[in-house]
Amino acid sequence: VRRIGSLIALATAIALLGSMLGLFLSYGLDSPTSPSIVLVFGALYVFSMAFAPHGLWFQRHSLPHREA
């Protein structure tokens, strides 16, 4: 994201999605709300670290560079 307005909109959407998923998870599992939200955001963090353009998944599954 190259513009601050787009970055703010994206961050707001991710925060809303994570909070709602945490609320639904806590309701469905009959568990406390705050820890459920924290678990959802922790999972989103791990997902973003694994599948970022230079994340763990792409570092392990990228093609080796050939020397010329």
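What you have open is a predicted model, in which local features need pLDDT of at least 70 and side-chain atom pairs count only at pLDDT 80 or more, while totals for chains, interfaces and linings use all residues. Residues are numbered from 1 along each chain as its sequence is written, and side-chain values use heavy atoms, with hydrogens and water left out.

Now switch to the cartoon. The secondary structure comes to three helices and zero strands, running α-α-α from the N terminus on. Helices (H or I, at least four residues) and strands (E, at least two) are DSSP runs, numbered from the N terminus. Buried residues make up 12% of the 68 residues; buried means under 20% relative accessible area, exposed over 50%, and partly exposed in between (1.4 Å probe, protein chains only). Contacts are heavy atoms within 4.5 Å, and of those with a separation of 6 or more, residues 24 or more positions apart account for 13%.

**First selection: the loop at aspartate 30**

Select aspartate 30, in the loop between helix 1 (4-29) and helix 2 (33-51). Its phi is positive, about 55°, although it is not a glycine. Most residues other than glycine have a negative phi. Aspartate 30 is exposed, with a relative accessible area of 73%.

**Next: across the loop**

Select serine 26, which lies in helix 1. Serine 26 counts as buried at 6% relative accessibility. Leaving aside neighbours within four places in sequence, serine 26 is in contact with Ser31, Pro32, Thr33 and Ser36.

Go on to threonine 33, found in helix 2 and partly exposed, with a relative accessible area of 33%. Not counting residues up to four places away in sequence, threonine 33 touches Leu23 and Ser26.

Is serine 36 buried or exposed? Serine 36 is buried, with a relative accessible area of 5%. Beyond its neighbours within four places in sequence, serine 36 is in contact with Gly22, Leu25, Ser26 and Ser31. Show its side chain together with that of serine 31, and you will find a polar contact of 3.0 Å joining the two. (A polar contact is a pair of N or O atoms within 3.5 Å; within protein, one must be able to donate a hydrogen and the other to accept it, and residues adjacent in sequence count only if both atoms are side-chain atoms.)

Colour the buried residues of helix 2, which are Ser36, Ile37, Val40 and Ala50. They cover an arc of only 155° around the axis, which puts them on the same side of helix 2; the arc is that of the directions from the helix axis to the C-beta atoms. Turn to the other side, where Ser34, Val38, Tyr45 and Val46 are exposed.

Select phenylalanine 47 and phenylalanine 51, both in helix 2 and four residues apart, about one turn of the helix. Phenylalanine 47 is exposed at 52% relative accessible area, whereas phenylalanine 51 is partly exposed at 40%.
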